[in-house]
Amino acid sequence: MLGSIYALIALGYTMVYGILRIINFAHGDILMVGALTTLSAINALNSTFPHMPLLLQLGVALMIAMAVCALLAMAVERFAYRRLRNAPRLAPLISGIGVSVLLQTVAMIIWTRNPLMFPQILPMDPITVTSGSEMHPPAIVTVTGIVTVALALAVMTGLWLLVEYTRLGRGMRAVAENPRVATLMGVNPNAIITLTFAIGGVFAALAGVMMASNYGNASFSMGFLPGIKAFTAAVLGGIGNIRGAM
């Protein structure tokens, strides 16, 4: 379950690095914005439409959070990284860390510094897989964990098909290989890079909701440590390699 969440976050790192050769250290905090935006949307839907099923509320709130995180990731690319593409590698790194601190501070102002309870939409009752013994405790899973793994695998498979077999995917691979030659072949690098950040933002929002659902809370600092772990996963898989990150 945790590996599925880290893989979704790592894909955002590895896609951006594969195209721009920079590390987007604000990516983990986009995850945090996605989780907290989902929570606010669920509360708003519950107040406006109290009879709406909780699962439908989660679906609508997740769509809203994905849109917000996609726009936020595009804004980060436009204002924090675009002018630093040809700068020394340290400059975008510092810019990303600055955006990370900014997002955490704004989130702390909006949602307070205290962890907020995230509603449990799916059952969290433990399902015993093996009986266990005195030396080996039983293996236990939950419905939320199973849905997390299945959804993550479906999304990662969709991304792989997108990159390998669509026009957008060919454009992403072309810009990653040589942006100038890609421009001569009719590819718009700015559009491809912006869409890559947007896809990473969508994945971060989904990972944030998965984390909040499994842990039962969300806070302004929830994205930092998973972001570091996912970055480690991306490096171990070969930074820039989508299948390696998965």
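I began with L72 and looked up its contacts, taking contact to mean heavy atoms within 4.5 Å. Leaving aside neighbours within four places in sequence, L72 touches I30, V33 and L103. L72 sits in helix 3, residues 54–81. Helices here are DSSP runs of H or I with at least four residues, strands are runs of E with at least two, and both are numbered from the N terminus. I also checked L72 against I5: they are 67 residues apart in sequence and 20 Å apart in space, C-alpha to C-alpha.

A note on the source. This is a predicted model, in which local features need pLDDT of at least 70 and side-chain atom pairs count only at pLDDT 80 or more, while totals for chains, interfaces and linings use all residues. Residues are numbered from 1 along each chain as its sequence is written, and side-chain values use heavy atoms, with hydrogens and water left out.

Next, T38. I found T38 in helix 2, residues 27–48. Is T38 buried or exposed? T38 is buried, because its relative accessible area is 0%. (Buried is under 20%, exposed over 50% and partly exposed in between, with a 1.4 Å probe and protein chains only.) Beyond four places in sequence, the contacts of T38 are L58, A61, L62, A65, F118 and V209. A polar atom of the T38 side chain lies 2.7 Å from the backbone oxygen of G34.

Then I turned to helix 8, residues 189–215. Its 27 residues should span 39 Å at 1.5 Å a residue, and the end C-alpha atoms are 39 Å apart, so the two agree. (The expected span is 1.5 Å times one less than the number of residues.) Of these 27 residues, 22 are buried, so helix 8 is largely enclosed by the rest of the structure.

I looked at both ends. N188 caps the N-terminal end of helix 8, with a side-chain oxygen 3.1 Å from the backbone nitrogen of N190. After helix 8 comes G216, with a positive phi near 85°.

Which way does helix 5 run against helix 8? The axes of helix 5 (residues 143–165) and helix 8 come within 10 Å and cross at roughly 170°. Axes are lines fitted to C-alpha atoms, for helices over the stretch in contact, and angles run from 0 to 180 degrees between N-to-C directions. The two helices are therefore roughly antiparallel. (Angles under 35 degrees count as roughly parallel, over 145 as roughly antiparallel, 65 to 115 as roughly perpendicular and the rest as oblique.) Residues in this contact include T148, L151 and V155 of helix 5 and F203, L206 and M210 of helix 8.

Helix 6, residues 167–177, packs on helix 8 at about 110°, with the axes 10 Å apart. Helix 6 and helix 8 are therefore roughly perpendicular. L168, G171, M172 and V175 of helix 6 meet P189, I192, I193, L195, T196 and I199 of helix 8.

Last, I checked phi in two loops. Most residues other than glycine have a negative phi. R21 has a positive phi, near 60°. R21 lies in the loop between helix 1 (2–20) and helix 2. R21 counts as partly exposed because its relative accessibility is 42%. T112 also has a positive phi, near 70°. I found T112 in the loop between helix 4 (90–111) and strand 1 (116–117). At 39% relative accessibility, T112 is partly exposed.

Terms used. A polar contact is a pair of N or O atoms within 3.5 Å; within protein, one must be able to donate a hydrogen and the other to accept it, and residues adjacent in sequence count only if both atoms are side-chain atoms.
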